[in-house]
Amino acid sequence: MLFIDYSSAFNTIISTKLRTLGLNTSICNWILDFLMGSPQAPAYHLVLEGILILWIIRLLFSKTYKLQERSDLTEKEKEDLIEEWQPEPLVPPMSKDHPSLNYDIVTGPPSHKIIVNGKECINFASFNFLGFLDNERVKQKALTSLRRYGVGTCGPRGFYGTFDVHLELEDRLAKFMKTEEAIIYSYGFATIASAIPAYSKRGDIVFVDEAACFSIQKGLQASRSFIKYFKHNDMEDLERLLKEQEIEDQRNPRKARVTRRFIIVEGLYINTADVCPLPDLVKLKYKYKVRIFLEESMSFGVLGEHGRGVTEHFGVNIDDIDLISANMENAVASIGGFCCGRSFVIDHQRLSGQGYCFSASLPPMLAAAAIEALNIMEEDPVVILIWFRFFIFMYDLVNKYFQIDSYSAVKSVIGEVYAPALHLQLERSSGSRDTDVRMLRSIVDYCLERQIALTLARYLDKEERFLPPPSIRVVVTIEQTEEDIEKAASCIREAALAILK
Amino acid sequence: MPPSMTKSSANKLTNGDVFHRTSNGKTSSRRNGFVKNHCLFQQPQQKNPRPSENNHVVSRTTNASLYNKVFVEQFEETPLLVAVLTYMGYGILTIFGYLRDFLRHWGMEKCHVAREREEQKDFVPLYQDFENFYTRNLYMRIRDNWNRPICSVPGAKMDLLERASKDYNWTFQHTGKLVKDVINMGSYNYLGFAENTGRCADAATESTHHYGIGVGSTRYEMGNLDIHEELEQLVARFLGVESSMAFGMGFATNSMNIPALAGKGCLILSDELNHASLVLGARLSGSIIRVFKHNNMVSLEKLLRDAIVHGQPRTRRPWKKILILVEGIYSMEGSIVRLPEVIALKKRYKAFLYLDEAHSIGALGPRGGGVVDYFALDPKDVDIMMGTFTKSFGAAGGYIGGKRELIDYLRSHSHSAIYATSMSPPVSQQIITSMKIIMGEDGTTLGVVRLRQLSENTTYFRRKLREMGFIIYGNDDSPVVPMMLYMPAKIGAFGREMLKRNIGTVVVGFPATPIIESRARFCVSAAHTRDILDTALEAISEVGDILQLKYSRHQRLPHLPSSLGSWSTEESLLQEPSHVKPSVINPG
């Protein structure tokens, strides 16, 4: 170790200090020579320093150079890598007995009486709430349309795929829902999944109920917005999130001015069969200035005096909801979906709704069928009232069997009185989802044997954000008689007793 | 595949004709000699694919040995003057747009845009102001060319509802009158199965009586009808694959099934001009997406090599799998995918191939089997065969075909099978009947006649347009015929002038096309008779003269008729097996 007193380096050299460091005389002399000689040789000094600096620079650059060199593979190496690489198979192998490989086969129309796997049953599985699936009037209208327009439209709406029937259906839907405008899609699933990303973009914030259905989840994913889930139907949790956001906004008001906010809820949740607290949501909407999108696939044609859905059910002004979407595949018993609301909102989808712009339009005969279904709903709103009795009857019945009964511990009913599609879940899970599903499936099979067609609610286990527990879905339709319902309820109970013992 | 074969055979066409390559190309190929030993398609490609000495590009027919037929695709270069004028047009429109926005802001011009409710004025605006600038100021002016309502079968001729606008297209009123017998050059009715009479319509009627309209459940729950099973078996047979699955919407077939096939850690290589549904599906899958140049095999191969060599970004782990997404016919370009080369690449690099035959199924190939049939390839070489029923079959929906394991997997993992209502029975029936006709299983030759008619119409229509001096994009065999308009003002003018002459055409501009490449698009159908096509061509030529659309600097053929009288003499040309003239291949 060398110690040089720099403050006086060029004035005095304390050679004794060097000696004490244990250096021998010749080296000490050399150092002394060098230090004392340096003022006389500035050129030498500068050159040396220059070389040093250059060397440092070279070091700095050569390091990165070396890194690059290392990743630069030769063609031979690349070739080996390409030879070596083995991709995973396109699809993972499936076990031969996976239930999806043997769908139940329905022969003939899936209406009130349905032939499942060759056995005639009473249908408690199709979402044919109002019994329009084999309604003669609907069929006739569809056929008239078929004879006029053919089946397909051969084009998207923009390119000669807009038929007068589409315009009529949009008009009728808007009038039925008492909104300014409606827009139809050719596929129920694609409706809300296209509508969400048309408005909510990257950077926007969406507050979503945890129980939201899969098409909402896909719409959210496509929107690339910032998603905040609140607990199912828990308005306090939602308000907590909204407050958090408000604080965040105050911190960054510039950003807040351009960040759109949406609450997305379902009217009647398909996964839980309960209704959203819409009046509370509307209050929160104005308090926190958030727009509400409402997905009403299950409630359209079901709730409200005229079947207008949850807005009518709660008496909420429909203009307070920014966008309502529903499919026409359940109560209306056709194909496709629609969005309705104010023109200011809806019209935007005609250029921005991907499923609207880039897809072939709805076959005119299906649109005609939907128009006729709307006609019947308008002519005869009593239908819905009568049907309400059935829900309640069913609900009471199922409750009676599964909640009050001493064996009730094995099953629980999920859903509200006015839900047309109830979920029956296991009260106590066996701990494994597969076993649960198998047990429920045996109940379904037991009922199928006895001419009651039920189905399991199917989910993509790995894709769902919050996977609902396995359940049997029981759908009440207007065509079922009280005897049918009684028979179904007792049959399910029998099955539960036999299988869940 | 022997790597050397590309070099030796690249310059030869299968039929023995020698394809003369520009010397520029040859030298560059020698320069890259070493690389060529490894890459399948290190084409002798010029840096600038549109060399200045000849102003139009004929598709590079390299790797010709892979093809069983001559593959000619043209994308004539935009003339410089036209490009400049087009940009100027947009410039003027933009200036006027700002001016009018300014006037609207100060209330000097009436604003027709729907307004936000008073109660919600203090919400964050639903739309950014600039977002709709294009719609408000450019699209609105020519909006009458789209969404024209029709009230008949979308066949060879159709009836339109007459619309009028009193406020410059902000709103439309129906006058109550019909525009009768408009020649339909817009619908994707390739094989003419959009019909309200005949076998298909009868079968659909029968099926409506039997099943009704809707299904009211998903495939996995209670919506799996026997007619769906029948349809899927038929589709599998038609495609020559082991198994298939049908879905209710073509768009959703892509966007809901790609996520089931690829996921995190996978790479998706997508053509830059792929349809929105493929792009959405790829995005929803969560895979990394890389885009290669349209139909450019060199670009694709480079991406494949780089991907395998470098692995995933950041983690450097090898990719789980690589999926190539291509379309059969690109609906805006009229080009056909270079499938033999794509298959060679996917085999070499062990990637999987997803082929979207939305426009090509039924419309290409001697048996209507799409691009695979067109190139006489083995359908087993394509891992995922996807297509739609909307176009050639005159129905709705889409399918996926492939190996049994693939379809079995989709049955339990496709979003569509589990969450979406299954197909309407009469729609399924329409597909079954039309497909059987195409396959000749109905015991007639009607299908073959339609296929031949479509192919003849395509060749005829394309050749005529080219002779007239229009710039036509795409492959000679593609029934999608894009004709270049370039200037924004001509989009509206062309659409309107054609409608005045009772011809319905599709015009497209930005954002469906690059900003300067606005175009009109014709879809040739087997339902078009020669008379209909002649009438349409005459009108196109007339409008083309008025609007000065005959941009092509391609040497016109000497017998170009000034009047359209002498066409019958040319019929024989159509019958020739090789309808490609050498001048088309080698314009230099």
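## Sheet and chain totals

In chain A, strand β7 (residues 261–266) and strand β8 (residues 291–295) run parallel and are joined by five bridges; strands are DSSP runs of E with at least two residues, and helices are runs of H or I with at least four, both numbered from the N terminus. Within β8(A), A:Leu294 is the bridge partner of A:Val265. The model is predicted, so that local features need pLDDT of at least 70 and side-chain atom pairs pLDDT 80 or more, while totals for chains, interfaces and linings use all residues. Residues are numbered from 1 along each chain as its sequence is written, chains are lettered from A and ligands numbered from 1 in the order in which they are written, and side-chain values use heavy atoms, without hydrogens and water.

These strands belong to an open sheet of seven strands with mixed pairing, in the order β4-β10-β9-β8-β7-β5-β6 (chain A), where two strands pair if DSSP finds at least two bridges between them. Because β4 (181–185) and β6 (226–230) of chain A stand at the edges with a single partner strand each, one side of each is left without a neighbour in the sheet.

For chain B, UniProt (unreviewed entry) places the feature "domain: Aminotransferase class I/classII large" at residues 180–540; such annotations may be inferred rather than shown by experiment.

| Chain B item | Value |
|---|---|
| Helix, residues 180–540 | 43% |
| Strand, residues 180–540 | 17% |
| End C-alpha atoms apart, residues 180–540 | 19 Å |

Chain B as a whole has 20 helices and 16 strands.
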